[in-house]
Amino acid sequence: MKRALITGILGQDGSYMAELLAKNGYEIHGIVKPDTEKSRINWIKGIVPNVKIWETDILSEVNLSCAIRNICPNEIYNFAGISNVFNAWDNLDKIFAINARVPQHILEIISGLDKSIKFFQASSCLIFGRDTSGLQNENTPANPIYPYGI
């Protein structure tokens, strides 16, 4: 049975991914913040009853590494990102730590643990800024205007 680790499992995209992977026979592990309300954890367990929840501070490279090493996932889906454009410039250090350093740490952990682990990094149309010319693709120039897009 394949094992998937999902950060940001309590968000819209993370919960949809957990539901899809569970329907496809995956063992699902989700990382949540240590201070997460139990009602939120119960909510995801209502969608994916067998999900295993890890309360871990992903900003701690040591904690993140321990979780990944204990889970031994085949695939990691990173949906833990701060994407709020309304307060986009209020806490740049935290935004860049979550949105840039965490993926870097995950990749470093994978590199040192098992290079066969597949990694998915969620992104956003915010990397294209105000481009309204139609559908974006790999050839669309990046022009971010918010920290999340950067």
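Helix H1, strand S2 and helix H4 each supply at least two residues of the lining of the largest pocket, with helices (H or I, at least four residues) and strands (E, at least two) taken as DSSP runs numbered from the N terminus. The model is predicted, so that local features need pLDDT of at least 70 and side-chain atom pairs count only at pLDDT 80 or more, whereas totals for chains, interfaces and linings use all residues. Residues are numbered from 1 along each chain as its sequence is written, and side-chain values use heavy atoms, with hydrogens and water left out.

The lining of the largest pocket comprises 29 residues, of which Gly8, Lys33, Phe79, Ala80 and Gly81 lie nearest its centre; a pocket is an open set of points on a 1 Å grid over the protein atoms alone, where a 1.4 Å probe fits, with protein on both sides within 12 Å along at least five of seven lines, and lining residues have an atom within 4 Å of a point. H1 gives the most to this lining, with 3 residues.

The largest nonpolar core has 17 residues, and those with the most contacts inside it are Ile6, Ile9, Leu21, Ile28 and Tyr77. Such a core is a set of buried Ala, Val, Leu, Ile, Met, Phe, Trp, Tyr and Cys residues joined through side-chain atoms within 4.5 Å, buried meaning under 20% relative accessible area (1.4 Å probe, protein chains only). To this core H1 gives the most, with 3 residues.

Among the buried residues of H4 are Ile95, Asn99 and His105, and what covers the buried residues of this helix includes helix H3 (61-71), strand S4 (75-78) and strand S5 (118-121), where contact means heavy atoms within 4.5 Å.

Terms used. Buried means under 20% relative accessible area, exposed over 50%, partly exposed in between (1.4 Å probe, protein chains only).
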